[in-house]
Amino acid sequence: MSSISLHLPSGKLHKPQHQGRQVCWHEFTSAEGAGPPLVLLHGGHGNWQHWARNIEALAARFTVWVPDMPGYGDSDTPPEPTLASLVGLLQATLDQLLGATTPIRLAGFSFGGLVAATLAAQRPYIERMALLGPGGHGGPRRPVGALLPWRAAKESGNAEALAQVMRHNLGLHMLHAPGNIDAEAVRIHTAACVNTRFYSKAISHSGGLAAALKRYPGPLLLAWGEHDVTAVPELATRALSEGRVDCETHIVPGAGHWVQFEGAGAVNGLLLEWLPLWPAKNF
């Protein structure tokens, strides 16, 4: 079991709107003050708390911005059920908060990795980007079993039955070690699934990540958990890093798909080392 603290630094909630639709953004800074902006994007059937074990460490150096992406958590759904519509609404509200020409560092997990790459392909002011277990890679997956449907358990009002389904699904898809399927993981996963209104599976399975990355010229970090069932990490790493001049790749031992939760210590150290506090470059 990871001993990473789930205590979060002081945060602010922002609710910018674009064309009548609201996106909820959480801003975190440390007691020492604000650093340069770092945007973290969660995965499909997720919410901002996919980063619960990382915000405290990252906010020690950065101003961390974590949204509920459109169609997730407390944010409104995008105008259309498409990746372009989601990214457009996300970018519009981000630029309201930070300014369209403000350089940022960007990290995305799972479907949020595909969202991050798509955003980086069209917003030039991305200094560095890290993708953790990104969706859209187009390569083989290695599922270990069938996920259980959870809606019937929720509608029955049986909280323990719902928790059992969520623990099962976390073990098959998100986390590798049974001991890491703790109450916090179940709580986050349950709330995220119940409040998901944008369905990303077909988008993630259809590819598109490599094409988006071809339009992003900046430094790139690719990382997977060793036991990630959504990819074969060695194959995905090789395919996505081929031909890139400034690309680092890592496989985190012992971790499953939700690598920044299960391997929080390793991932926090990796991101803090890879996202240095140098001055913003001239774009």
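Author: Two strands pair if DSSP finds at least two bridges between them, and the strands (E, at least two residues) and helices (H or I, at least four residues) are themselves DSSP runs, numbered from the N terminus. With that in hand, W25 stands opposite P67 in β6.

Reader: Which strand does β6 pair with, and in which sense?

Author: β6 (residues 63–67) pairs with β4 (residues 25–28) in the antiparallel sense, over 4 bridges.

Reader: Before we go on, what kind of model is this?

Author: This is a predicted model, in which local features need pLDDT of at least 70, side-chain atom pairs count only at pLDDT 80 or more, and totals for chains, interfaces and linings use all residues. Residues are numbered from 1 along each chain as its sequence is written, and side-chain values use heavy atoms, with hydrogens and water left out.

Reader: And what pLDDT does the chain average?

Author: The average is 93, and 95% of the residues score at least 70, where pLDDT is the predictor's confidence in each residue on a scale from 0 to 100.

Reader: Back to the strands, then: what is their order in the open sheet?

Author: The open sheet has 8 strands in the order β1-β4-β6-β5-β7-β8-β9-β10, and its pairing is mixed. β1 (11–14) and β10 each have a single partner strand, so these two stand at the edges and one side of each is left without a neighbour in the sheet.

Reader: What joins β7 to β5?

Author: β5 (residues 37–41) and β7 run parallel and are joined by 4 bridges, with V39 standing opposite L106 of β7. β7 also pairs with β8 (residues 126–132), again in the parallel sense, over 6 bridges, and there G108 has L131 of β8 as its bridge partner.

Reader: How many residues of β7 are buried?

Author: In β7 (residues 104–109), 6 of 6 residues are buried, where buried means under 20% relative accessible area, exposed means over 50%, and partly exposed lies in between (1.4 Å probe, protein chains only). Both faces of β7 are covered, with I104, L106 and G108 on one side and R105, A107 and F109 on the other.

Reader: Which residues are buried in helix α11?

Author: In α11 (residues 264–274) the buried residues include A264, V267, N268, L270, L271, L272 and W274.

Reader: Where do F111 and F198 lie?

Author: F111 lies in helix α3 and F198 in the loop between α6 (183–194) and α7 (201–205), so the pair ties together parts that are 87 residues apart in sequence. Both F111 and F198 are buried, and together with Y72 they form one aromatic cluster.

Notes:
Rings of Phe, Tyr and Trp (its six-membered ring) pair if their centres lie within 6.5 Å; planes under 30 degrees apart count as stacked, over 60 as edge-to-face and the rest as tilted.
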